[in-house]
Structure formats: structure tokens, C-alpha cells
Amino acid sequence: MGTSRRTLAAATAFVGLMIVVACAINPVTGRRELALVSEAQEIEMGRQGSADVIAGFGLHPDAGLQSYVNGIGQAVAARTERPELAWEFHVIDDAAVNAFALPGGYIFVTRGLLTHMVNEAELASVLGHEAGHVAARHSVQQISRQQIASLGLGLGSVLSPVVAQYGQVVGAGLGLLFLKYSRDDERQADELGFRYALATGYDTREMIHTFEMLQEDAKLSGVGRLPEWQSTHPDPGNRIGDVRAMVASSPENFSSMKIGGDEFLRRIDGMVYGADPRLGYFEGPLFIHPDLKFVLAFPDGWQTLNANDAVTGISAAQDALIQLRGAQGSAAEAARGFFGQEGLQAGPQSQVTIHGNRAYTGEFTAQSNEGGAVHGLATFIEYGGSTWGIVAYTMEERFASYRPVFQRSAGSFDRLTDPVALAVQPLRLRIEKAPRAMTLQQFNAQLPSSISLGELAMINGLDEGAQLRAGQPVKRVIGTPLALEGRRP
């Protein structure tokens, strides 16, 4: 007990010393604050995290749109207290309605957020908000607090390093997406975003409309692979009043400021709306990939994630994982590479046929960092000119109960033959002009959308009973909605 107390006292003293010496001047407030992460480390963390984001979720393929968003972002970033950072602004090809900032000036907005906005001023305000998090080093503060909290605890991965790549549902850098900022951080980012966008010449009253849209969107279920805004930010309803107060106290003549509605809508005309099923989608536990023409069934009730580089399922008890990803070489070569890894104990392996496709499968065991062991089943399948690896594992003592679950999932890999699933296409935005003065409801009756009137009103920043002027540009969503129930390819 005495030794434990001395160890605790030493650790406490070390933490205290770290807090004293690891302080830096906040570039926004000018105050000294805790910072265990240097600016060079901050930038490197952001660079690595940015690479993970791009690899895991992909950039929107429209180079013109990327340049457009980056141009607005660079103009906003130039107004921050850290204009010397190598700022980057990107559009993620994801349906979630969100934006986020990684340390060091790497900022992302989702395709889903852009489809829900109506003008440049809204976009500039959101980019300003995220730039505010970077300028005030909010992520550095959160990371520093986490490091202090974990000192001396010996926290380690439950996974063996050998199979850890299969346990990373998203890249390590993507953990930065889930940092929780305090309400004070969010309030400060709102104030900074308001100031930066206003200094860039935008009508920041549009920030209110953004928060109103986010309130409405929170009522709808998310359809993206990334978290929705409400999962990573406080309730927007509590912040609308703050923005209104900033507008009321500002001496600026907002009527002379830029809104940029027409240009913004022109840029997003034709954009995919909602989830893009061509990239793969889930119908219940069944993963369907129309472009690659295969299906794979995950167990019922498991949480699933479809990222660019892997499709993952995690058990409800979070004690087992199944992951599908591309593999190198033939099935035999991929199996030899996997089972031949140092630190992995391979079990019996066999060549099998799964729905007519050559495959190799076998069990494996590997030690975890915490003294236990993981036991799993790895299967490599040749299909469509490629090789696919399905790696499933759990803690060793639970493998016997999970073995048939793993086997059923790997054995479900099959060719996609359903013509409806093969031909499925995403919904798309179309910008139409109101043919005459009319209500939004009349517009929707004449030029119907594939979404509800309420959702149509939300993405246009209007009320359901709004009156449109002749020639007013209006978003419309066209295409056949994906039917997720009642079919099995």
C-alpha cells in the first residue's frame, strides 16, 4: 500500500509539473493555457487525420466544387489569428449533415451539409466556425486533457498488433472527429465564425438559417457514414439566440453584405442527395454493393459501418468484429500473407468453395496487449478479378459461441443478381426556377420531388407554406428512393 501511495504521489507530482511547464499562449484569447501538444505536433496530427478521413470516406469527385469551397475557406482563414497555417478545406463524399475541423487547419464539410444549405454566406459561417476551433486550439486543449487523464494508467489496445488493423473501424486519426468540445468552446467558435465570415464580407445573419436547418434535420435519421452534426455539436436551438444577439450588437450594414445564393446553388446542381447506393449500402444486415456486384450478410442486430477501405460489423455486446476489405494477390497468396504474420498463431487452413468462388479459410490466435488472446476466423475469396478478405474475431474464451456466426457471415458472400439492386441510382438535386408566383406546395405538385414537402422546405430554407416569386431558384430532389424493406437480392 505504501508503494502504491508513493507511486500515486509521484505520478501526481509529474502531472502537476507537466501542467506547469506545458502551457502556451492561446492565439485568440492571449491567455496561457494547458498545451501538451506543440504546434508542429498539432499540424502533424491534423495531416495524418486528414489522410485517414480521405482514405476512409473519400472526397467528392467534383474538382470545381472542391476549388470553390476551398476558395471560400481560404478567404475566411485569412481573417483568423493563425493565417500562417497551411489551411485545407475539403468536401467529403458523405450524406451526413456535418462539418468538422482537425488540428492544424484541416477542415471538412460533407456533401450532405452542402445539399442542405442555400447560399455562400451559410457555408462561410460554418467554415468560420470550424476555423474558430483551429484558431483557438480547442482540439489541442481536449487532447492535452485526455493525456493528463491517462498518464500512468497503462491504457492499451485490447487487440493484438497483428490484427489491430482489422479492429480499426476507422483510421486512428479519425478519433479526432469525436473529440467533444465544451459548450464554451462551441460558443467561442460561433463568435469567431461570425466575426471571420463577416470580415470576409458575408451576411452572417444567414448563420441563423443554418442553425434552424440543423434543428429540423435533427428530427430526421442520419443516412451517412460520418456522424451527424447533432452527434458532435450541442443543440443548435440554444445558439440561435446568441447569433441574433451578435447581429443586434454589430454596427455593420448587413444589407450590403454578400449572400451568394445563385452561385452556390449553381455549384450544387446535380449533386447526389442522401446516401449513394452505388458505393454500397445496407438492407438490414445485408451489405449490397451494386458496382462491385456482391452481397455479404452480417449478423442481425450488429452495428455496421461502410467506409471506403472496409465494411465492418460489431456485435451488440461489442465483443466481436467482422470486417470485409480488399486483399492483395490470389486467395492463396492473401491467406499465406495473413496467417504467416509474426505474432499470429495459425490454426488449420483449408481450400473451400463459397458460392462457386475459390476461397481459403482458417482459424488464428493472437495475444492482446492486455495479456489475453483473440481467436478468429479469416477467409479470403476470389471474386470478380479481385480478392476479398473477411476477418472475424473475438476474445478466445468466446470464440466457440461465435464460430458459427463467423462462418455463416463469411459463407454468405455471393454474387449480386437482383436487377433492381444492380440498377439502383442515387437521388440527385436539381435547381429549378419557379415557373410563376406560387406556393412551395404548388411548386411541388407541378414539379414533384422524391422527398416529403417538409424535407423539401427544410433544404430550401423555407416554410412549407412559403410563397415563391416567379423565377426563384428552388431545390428539387429527383430519382427513385431506395426501398430498404421487403426485398432480398
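Reader: Which strands form the open sheet, and in what order?
Author: In this predicted model, seven strands form an open sheet in the order β10-β11-β12-β16-β15-β14-β13, with antiparallel pairing.

Reader: Which strands stand at the edges?
Author: The edges are β10 (303-306) and β13 (344-354); each has a single partner strand, so one side of each is left without a neighbour in the sheet. On average, neighbouring strands are turned by 15 degrees against each other, direction ignored.

Reader: Over how many bridges do β13 and β14 pair?
Author: β13 pairs with β14 (residues 357-367) over nine bridges, in the antiparallel sense. Val 352 has Ala 359 in β14 as its bridge partner.

Reader: Which strands does helix α13 lie across?
Author: Helix α13 (residues 331-339) lies across β12 (320-327), β13, β14, β15 and β16 (386-395), and runs at about 160 degrees to β15.

Reader: What does its side chain make a polar contact with?
Author: The side chain of His 375 makes a polar contact with that of Thr 365, at 3.4 Å. Leaving aside residues up to four places away in sequence, His 375 also touches others, including Phe 364, Tyr 393 and Phe 399.

Reader: Changing topic, at what angle do α5 and α9 pack?
Author: Helix α5 (residues 120-135) and helix α9 (residues 206-217) pack at about 80 degrees, their axes 8 Å apart, which means that α5 is roughly perpendicular to α9.

Reader: Which residues meet there?
Author: Ala 121, Glu 122, Ser 125 and Val 126 of α5 meet Glu 206, Met 207, His 209 and Thr 210 of α9. By class, this contact has three nonpolar, three polar and two charged residues.

Conventions
Residues numbered from 1 in each chain as written. Predicted model: local features only at pLDDT ≥ 70, side-chain atom pairs only at ≥ 80, totals over all residues. Heavy atoms only, no water. Polar contact = N/O pair within 3.5 Å; in protein donor to acceptor, adjacent residues only side chain to side chain. Contact = heavy atoms within 4.5 Å. Axes fitted to C-alpha atoms, helices over the stretch in contact; angles between N-to-C directions. Helix = DSSP H or I, 4+ residues; strand = E, 2+ residues; numbered from the N terminus. Parallel < 35°, antiparallel > 145°, perpendicular 65-115°, else oblique. Nonpolar A, V, L, I, M, F, W, Y, C, P; charged D, E, K, R; others polar. Pairing = 2+ DSSP bridges.
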